[in-house]
Amino acid sequence: MINFVQREYILKEEANVLALAKMLVLALQEKNINSLVIFLKGDLGAGKTTFTRGFLNGLAFNGTVKSPTYTLVEPYELQGQQLYHMDLYRLQDEVALEEMGIAEYFQEEAYFLIEWPLENSRILPQPDWVICFHMMAKGRKLNIQAMSEKGNVALQNI
Ligand SMILES: Nc1ncnc2c1ncn2[C@@H]1O[C@H](COP(=O)(O)OP(=O)(O)O)[C@@H](O)[C@H]1O
Ligand SMILES: [Mg+2]
């Protein structure tokens, strides 16, 4: 049984979430890891989209990050790095996911940040990281769990 790395962060303010996400993406780039599947889990308002915004900031994107609640997928290409932000809240259905052709996205080398991933999905890839967001009286608690060998390497020395 391999024990993959996990990390926990207490983040008092939104700015701390943004800074953490930015630091993580810079670490990935430093390690030349240009594809990673990240599941973002937690209640509405817990900070999943905020985290994605920080991640994008790390790739020098400073525009508006739309929550892809209706579009489901929002693609980005930044500095030659592909990133897909997904929000599957409204599509908790394997057949519908399959019909929209979501599997094709995962053929690419890209960062995938997926809010509301389906549990035990046949169509979504296995995550490299699962990040759980918890609301606290003030701020948020984030837990990052590496779920694969690559995810483990990605989280080492962080
Ligand atoms: N560490 C934090 N402390 C307090 N508020 C936060 C923190 N991080 C994010 N927020 C706020 O919580 C909300 C999170 O919204 P969002 O990121 O859209 O959540 P989700 O995508 O999980 O539904 C935003 O209003 C943001 O300003
Ligand atoms: Mg969101």
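Predicted model: local features only at pLDDT ≥ 70, side-chain atom pairs only at ≥ 80, totals over all residues.
User: Which residues point one way from E4, and which the other way?
Analyst: Residues are numbered from 1 along each chain as its sequence is written, and chains are lettered from A and ligands numbered from 1 in the order in which they are written. Strands (E, at least two residues) and helices (H or I, at least four) are DSSP runs numbered from the N terminus. Gln-81, Leu-83, His-85 and Asp-87 point one way from E4, and the other way point Gln-82, Tyr-84 and Met-86.

User: How many of the residues of strand E4 are buried?
Analyst: Buried means under 20% relative accessible area, exposed over 50%, and partly exposed in between, with a 1.4 Å probe and protein chains only. Strand E4 covers residues 81-87 and is mostly covered. The count of buried residues in E4 is 7 of 7.

User: In which sense do E4 and E5 pair?
Analyst: Two strands pair if DSSP finds at least two bridges between them. E4 and E5 have 5 bridges, and His-85 stands opposite Leu-113 in E5. The sense of this pairing is parallel.

User: Which residue in E4 is the bridge partner of Tyr-76?
Analyst: Strand E3 (residues 73-78) runs antiparallel to E4, and 6 bridges join the two. Their hairpin has 2 residues between the strands, and Gln-79 takes a positive phi near 50 degrees there. The bridge partner of Tyr-76 in E4 is Leu-83.

User: Which helix gives the most to the shell around ligand 1?
Analyst: The shell can be described by its elements. Helix H1 (14-30) and helix H2 (48-58) each supply at least two of its residues. With 3 residues, the one that gives the most is H2.

User: How many charged residues does the shell around ligand 1 have?
Analyst: Ala, Val, Leu, Ile, Met, Phe, Trp, Tyr, Cys and Pro count as nonpolar, Asp, Glu, Lys and Arg as charged, and the others, Gly among them, as polar. By these classes the shell has 4 nonpolar and 5 polar residues. Its number of charged residues is 7.

User: How much of ligand 1 does the protein bury?
Analyst: An oxygen atom of ligand 1 is 2.9 Å from a side-chain N or O atom of Arg-140, and a nitrogen atom of the ligand lies 3.2 Å from a backbone N or O atom of Glu-13. Taken alone, ligand 1 exposes 570 Å². The share of that buried by the protein is 72%.

User: Which residue meets Arg-53 in a salt bridge?
Analyst: A salt bridge is a side-chain nitrogen of Lys or Arg within 4 Å of a carboxyl oxygen of Asp or Glu. The side chain of Arg-53 has such a contact at 3.2 Å, N to O. Arg-53 lies in helix H2 and its partner in helix H1, so the pair ties together parts 39 residues apart in sequence. The partner is Glu-14.

User: Is Arg-122 buried or exposed?
Analyst: Arg-122 forms a salt bridge with Glu-94, the closest N and O atoms being 3.6 Å apart. Glu-94 is in helix H3 (residues 94-99) and Arg-122 in the loop between strand E5 (111-115) and strand E6 (129-135), 28 residues apart. Glu-94 counts as buried at 17% relative accessibility. Arg-122, with a relative accessible area of 61%, is exposed.

Technical notes:
Heavy atoms only, no water. Polar contact = N/O pair within 3.5 Å; in protein donor to acceptor, adjacent residues only side chain to side chain. Areas by Shrake-Rupley, 256 points an atom, 1.4 Å probe, with all protein chains shown as cover.
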